[in-house]
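Hi,

Here's the structure I promised to pass on. Have a look at it first, then read my notes.

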Amino acid sequence: MGRTIVCRCEDVTIEDLKQAFSEGYRDLESLKRYTGFATGFCQGKCCLAHAARFLSALKGGDDTVADPTRTRPLLHPTPASRFAGAAEPMEDE
Amino acid sequence: MASGRRINLPEGSPFERGEPVQFQFEGRPVEGYDNEPLAVSLLAAGARVFSRSTKFHRPRGPVCLHGHCSGCLMRVNGVPNLRTCQTHCRSGAVVERQTGWPSTGLDLFRAVDLFSGERLDHHGMFTASSAINRLAGSVVRRLAGLGEPPSADPQKSVPVSRFKSDVVVIGAGVAGLAAGRALGECGHNVVLLEAEEHRGGRLLDMATPEGWKQAAAEKNQLESVAGIEVHVETPVLAVYPGDPLEVVASNEGETLFISARRLVVCTGAYEQVPLFENNDLPGIFGPRALDRLTCGYGVVPGEPLVLVGDRDETLRLAARLVELDVALAGVVTSRRDTPDLEAVRRKNVEIFEDRRIVCAHGGKWLDRVEFAPLNSPQRDLVLDCRTCAVEAPEAPAYELAHHAGCRVSFSSQNGYRVVVNDEGQTSNSQIFAAGHVTGATSVSEAARAGERAGLACALSLKDDNKIRERLKSL
């Protein structure tokens, strides 16, 4: 099946965005929550700008999509073991 | 497995091959070189489908080769979900694909893609009763999952190192190197953190030895300045606002919690693949990723190739590839008569003007791409190819500045970029940013902005007439 993939991690297509928009999800945050783009492994590195561009085109201007969705740590996938050592008391404490 | 091949490592490549090694891929022995990224070794060996997508089980492969996307995830030595483009090839490694049933290559759940029509709307599926919903939930989780839990021994905890620094610079690309050096020259102690193995950022992906030379020269200059501590393969994971700012970074050997008075964000931009039908087919890359793969690592994933784009870098890559005797099926561009295009034409590679890519075709790997004129939906060109690099606007890596509340702004051309004043200061007066993360469009612009931000940052820590003069003169 021919598909135009906006978000690879969650398999969100351009048709999904169009459908969500027509159902009334017309800001980036609710579009994200409804379709699931930017919620996968890469956390939006490969799709957020595409989705914002889609929204901007439909809403008629870049200033209509002013803010990106909330950005949260961690930026890169990281093994939990990297933080296991942080619980140990520090020498200077 | 077929048709990936190695070419001689281009002279001057910073991505030197280590000793030849053998590792296991899906139970079969595969040759690679010590230390090169596993994804590169696998593409050279002709591996095709690296993974299957979550919902439609579409075939996926490496795309960005810089650790940003999810295309190359595999299970390595019993640890699932490793980005094979960021995992070194080592002798005896056991590498397995982790998605699809009965195997990633032959995944029967591909049927979901083939028979579900234009959209698969999961919002109303299996919601007739809560029992059905629970059952479907557990099945779907297995179908969509990211492999099995690890079978390797639990990883040992990593020592934590907490320290203070005047300034943390994030990213050792063009802008970050310039900013770090300027700050060091002003007498501040600087911690420069780079996510990847090599310093240089996009200087390493410029299809010419000049970029590599410049990266090496920058490295030497940086090392001649006292007070700059560089950590590579140490991605920054989080930035917390406050005075001091808290920066969290991590590498294999230690986790860093750094209290910094100032921060310079030079995280660059993520390469994107544009939106067109079947844009996720393995074999489609961005030009920067293809550059790293071919000119950097000396691996051609499949021939012939098609390059689509107008940027200088893309045309230079085309010229470089014909020079390296890589087979090109065409270059599609709106540019005219550049020296690089002339070089391509001289090798009898056809140049197609003023078209946009509309569709890719192939089963598990790219077979051909279709084009239409810029202002018409009518497809009028089909090119058979096994690798295609297509330009798209990059997406600035604004996230870390956004963690700390810096203002970002959107434009269709640039995506979300960090907003800075003329001296590189963001809306948070302790945080500066420079280069492609702020929407810079060229390497030289990024270098200038990096130096400016470094000097302005130094001034904000300690006023000094000489520095003020140097900043003014830029």
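Below is what turned up, starting with how to read the model.

It's a predicted model, where local features need pLDDT of at least 70, side-chain atom pairs count only at pLDDT 80 or more, and totals for chains, interfaces and linings use all residues. Residues are numbered from 1 along each chain as its sequence is written, while chains are lettered from A and ligands numbered from 1 in the order in which they are written.

Start with strand 10 of chain B, residues 190-193. (Helices, H or I with at least four residues, and strands, E with at least two, are DSSP runs numbered from the N terminus.) In a regular strand the side chains alternate between the two faces of the sheet. Here Val190(B) and Leu192(B) sit on one side, Val191(B) and Leu193(B) on the other, and all are buried (20 or more other C-beta atoms within 10 Å of their own, with C-beta atoms placed from the backbone).

Strand 10 of chain B runs parallel to strand 9 of chain B, joined by four bridges, and Val169(B) stands opposite Leu192(B). Four bridges also link strand 10 to strand 11 (228-231) of chain B, again parallel, with Leu193(B) facing His231(B). Between strands 10 and 11 of chain B the chain passes through helix 5 (209-223), a right-handed β-α-β crossover: with the strands pointing away from you, the path over the helix runs clockwise.

Cheers

Technical notes. Buried ≥ 20, exposed ≤ 12 C-beta atoms within 10 Å, placed from the backbone. Pairing = 2+ DSSP bridges.
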